[in-house]
Amino acid sequence: MIELDTWPDTTSKQWRVSHSHPHRNVNNCTPATTPAQLYSGSTHSNLETCLDNVRIWLRAHPGAGPLVVKLELKAGFATARGMGPSQLDALIVAHLGATVFRPADLLAKPAGGSYATAADAARANNWPTRSELAGRVLLYAIPGPHASHPDIELGRHLRDLAATDHTARAQVFPAVHGATTAYSRTAYKDTDIRPWFVVFDGDATTYLNDVNTIWYDTNHYLLTMTDAHKVTPTISTTRPTLAQARARTQQLAAAHATIVSSDWRQLPDAQSLVLPRGHPQQQ
């Protein structure tokens, strides 16, 4: 999983990528055109360039993936100023093209036709296998601390596209953010957007201690457990031992996580670890 923190710059009409600076890029994305250039040259680029980097890397590693790109919409959308969900969809299409696994792909039935909602498709376990998703990108979005409910806006966007038979335009799965015992979707007053949320993202400790995570697994919803290092006993945010990182990943996989998240960027053997979900006896 790659997390990109984005801000809409309505003056330049560019999505800035930075953890804390809304008007400038602070990241390691580089204007590359070849795989070798991904590791050299200038950095601090916009979202378009970051997505180009993903496309170039995947083209050089066609058997890799799926890659999950988590967009934290730090300040949400600026739809009234031309930077809404539709514009984000168009940007993603322009830079990632057919590599994206879209909500419409989840909806499509193998024998033809489609499921009515994303939740219906997920509950039917209509997800492709990991091998079938090799070389693909799945994007989902969570609201940031300065955002005005972009999750609701994305849910409505997907609902409305489905109502007009234009679901194929959507490139991003809206995600429920925050681990709660109520499974979070019930917090949305628009009941007709709830079935479009099949991705959940929240604190690993809360999921582990306070939430019945079997529900997510049984319904085949994607569940990202963040800040895995904070689960007791805590381990290093960035440099645990490989044994510690593997044990923590095994623990959370057994607790029905789809993705275990922490900044273990120095441990590729931990980053690439794949385990059965919810089956500790097989680990």
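1. Buried residues (under 20% relative accessible area, with exposed over 50% and partly exposed in between, for a 1.4 Å probe and protein chains only) make up 48% of the 283 residues in the protein. The model is a predicted one, in which local features need pLDDT of at least 70 and side-chain atom pairs count only at pLDDT 80 or more, while totals for chains, interfaces and linings use all residues. Residues are numbered from 1 along each chain as its sequence is written, and side-chain values use heavy atoms, with hydrogens and water left out.

2. The protein has nine helices and eight strands; these are DSSP runs numbered from the N terminus (helices H or I, at least four residues; strands E, at least two). Its radius of gyration, taken over C-alpha atoms, is 18 Å, close to the 19 Å of the globule rule for 283 residues, so the protein is as compact as a globular protein of that length. The rule is 2.2 Å times the number of residues to the power 0.38. The C-alpha trace spans about 50 × 45 × 40 Å along its principal axes.

3. Contact means heavy atoms within 4.5 Å. Of the contacts between residues at least 6 apart in sequence, 63% join residues at least 24 apart.

4. Which residues touch the most other members of the largest nonpolar core? They are W127, F173 and V198, in a core of 47 residues. Helix α4 (residues 118-123) gives the most to this core, with four residues. Another core, of 26 residues, lies apart from it, and C29, L67, L88 and V137 are among its members. A nonpolar core here is a set of buried Ala, Val, Leu, Ile, Met, Phe, Trp, Tyr and Cys residues joined through side-chain atoms within 4.5 Å.

5. Leaving aside neighbours within four places in sequence, F173 is in contact with residues including F101, R102, P103, L106, W127 and V198.

6. Is T6 buried or exposed? T6 has 1% relative accessibility and therefore counts as buried. This residue is found in strand β1 (residues 2-9). Beyond its neighbours within four places in sequence, T6 is in contact with W15, R16, V17, L47, L71, E72, L73, K74 and A75.

7. A254 lies in helix α8 (residues 242-254). A254 counts as partly exposed because its relative accessibility is 23%. A254 and H279 are 25 residues apart in sequence, and their C-alpha atoms are 5.4 Å apart in space.
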